[in-house]
Amino acid sequence: MTTTPIERIREALSRADRLAITSHLRPDGDSLCTSLALAAALEQMGKRVDIVNADRTPYPFANFASCAHIRIGQIDPGAYDAVILLECADVSRSGMTGLDGGFKINIDHHYSNDRYADINWVQPEASAVGEMAFALIEELGTPISPEIAGHLYCAIASDTGSFQFSNTTARAFEVCHRLVQCGADPLQVSESLFHNNTPEKVLLLGRVLSTLTLNPAGDVAVISMLRSTLQSLGLNEVDTEDITTLARSIKGVNVVLFFKEMEPGSFRVSIRSRGEAHAAAIAEHYGGGGHAHAAGFTVYGSHEKLLAEVPATVERLMREKAARPRSTPS
Ligand SMILES: [Mn+2]
């Protein structure tokens, strides 16, 4: 008899006592809040759960009281019956080394995923991994407490850009409807997610937007954030989704390329697209991955050289219609 991945996860979790949950490097609102929700649900079931991330928790989540329980470091797979990896296309995306021998559960809603674990549950049509965790917690049969509901609502609100991105589906609303009934507070979540800026963050927004350039056709926008800009404002890691959203708000822009200097000569490029322009296909051209309208990749070289080359290549991919899915999501 074939069982679905979610049933196999329920069976594996029912046998497990000690669990670790991790997510990707530079964790975001979806991965962090889903980790908190899953940990709370599994603890309700009497499991011992640790959330362990390789990278520290970014602002504004670092200020959430619940995030204080997240341990930053490496997972010793010998200490756990299973490790749950959220939104990791492969193990390296988690920043964890030495997970090879341990039992792994891979839960992801990204288009590109290597299906590397003992159980792989990949659902590209899900708005957020938080939406998948809602279904899993229902499958586990443990109650959605107000705390769990709040975390899952925050995960979905965060990943849909407050219900504005293309992943805002009927199912996302259906799950959020249930979460609000279970005690999630939309006002409190939007205050803590979107109305919680420091003055330095708003200054950063101005400086990054001042780097904006457009191609002559006006459909590719490029913005950049250099380490020196962050340092001059006394900032380290910051959530920059709102800056990208502003660049993408320009009429006619189908692709935003956001160059973030990670270290000298190394740039993480976030792609946000709309319409026909396929962000994941562009990212895959450069060895990265992601969703149809949100993806990313890493490139190396001087800022000037990359700005001269990458947007031109992206434009060519769009014109050649190569910026289309390599395969259809299943
Ligand atoms: Mn997500």
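1. The helix H9 (residues 241-248) has as its buried residues Ile243, Thr244, Ala247 and Arg248, where buried means under 20% relative accessible area, exposed over 50% and partly exposed in between, with a 1.4 Å probe and protein chains only. Viewed down the axis of H9, these buried residues fall within an arc of 135 degrees, so they line one face of the helix; the arc is that of the directions from the helix axis to the C-beta atoms. The cover over the buried residues of H9 includes helix H7 (199-209), E8, E9 and strand E10 (266-273), contact being defined as heavy atoms within 4.5 Å.

2. On the basis of the note: this is a predicted model, in which local features need pLDDT of at least 70 and side-chain atom pairs count only at pLDDT 80 or more, while totals for chains, interfaces and linings use all residues. Residues are numbered from 1 along each chain as its sequence is written, and side-chain values use heavy atoms, with hydrogens and water left out.

3. The protein contains eleven helices and twelve strands, which are DSSP runs numbered from the N terminus (helices H or I, at least four residues; strands E, at least two). With 330 residues, a compact globule would have a radius of gyration near 20 Å, and the protein agrees with this at 20 Å; the radius is taken over C-alpha atoms, and the globule rule is 2.2 Å times the number of residues to the power 0.38. The C-alpha trace spans about 60 × 45 × 40 Å along its principal axes, and 52% of the 330 residues count as buried. Among contacts with a separation of 6 or more, 62% come from residues 24 or more positions apart.

4. Strand E8 (residues 220-225) has six of its six residues buried, so it is largely enclosed by the rest of the structure. In a regular strand the side chains alternate between the two faces of the sheet. Both faces of E8 are covered, with Val220, Val222 and Ser224 buried on one side and Ala221, Ile223 and Met225 buried on the other.

5. Two bridges join strand E7 (residues 213-214) to E8 in the antiparallel sense, strands being taken to pair if DSSP finds at least two bridges between them. Threonine 213 has valine 222 as its bridge partner in E8, and in the hairpin of E7 and E8, with five residues between the strands, glycine 218 takes a positive phi near 75 degrees. E8 also pairs with strand E9 (residues 255-263), in the parallel sense and over six bridges, and here valine 222 stands opposite leucine 257.

6. The largest nonpolar core has 55 residues, and those with the most contacts inside it are Leu13, Ile21, Ile84, Ile105, Ile107, Leu136 and Leu179; such a core is a set of buried Ala, Val, Leu, Ile, Met, Phe, Trp, Tyr and Cys residues joined through side-chain atoms within 4.5 Å. Helix H2 (residues 29-44) gives the most to this core, with nine residues. A second, separate core of 21 residues includes Phe267, Ala280, Leu306 and Val314.

7. Leucine 19, found in strand E1 (residues 18-22), counts as buried at 0% relative accessibility. Its C-alpha atom is separated by 6.4 Å from that of aspartate 50, 31 residues apart along the chain. Not counting residues up to four places away in sequence, leucine 19 touches, among others, Leu13, Leu42, Val49, Asp50 and Tyr80.
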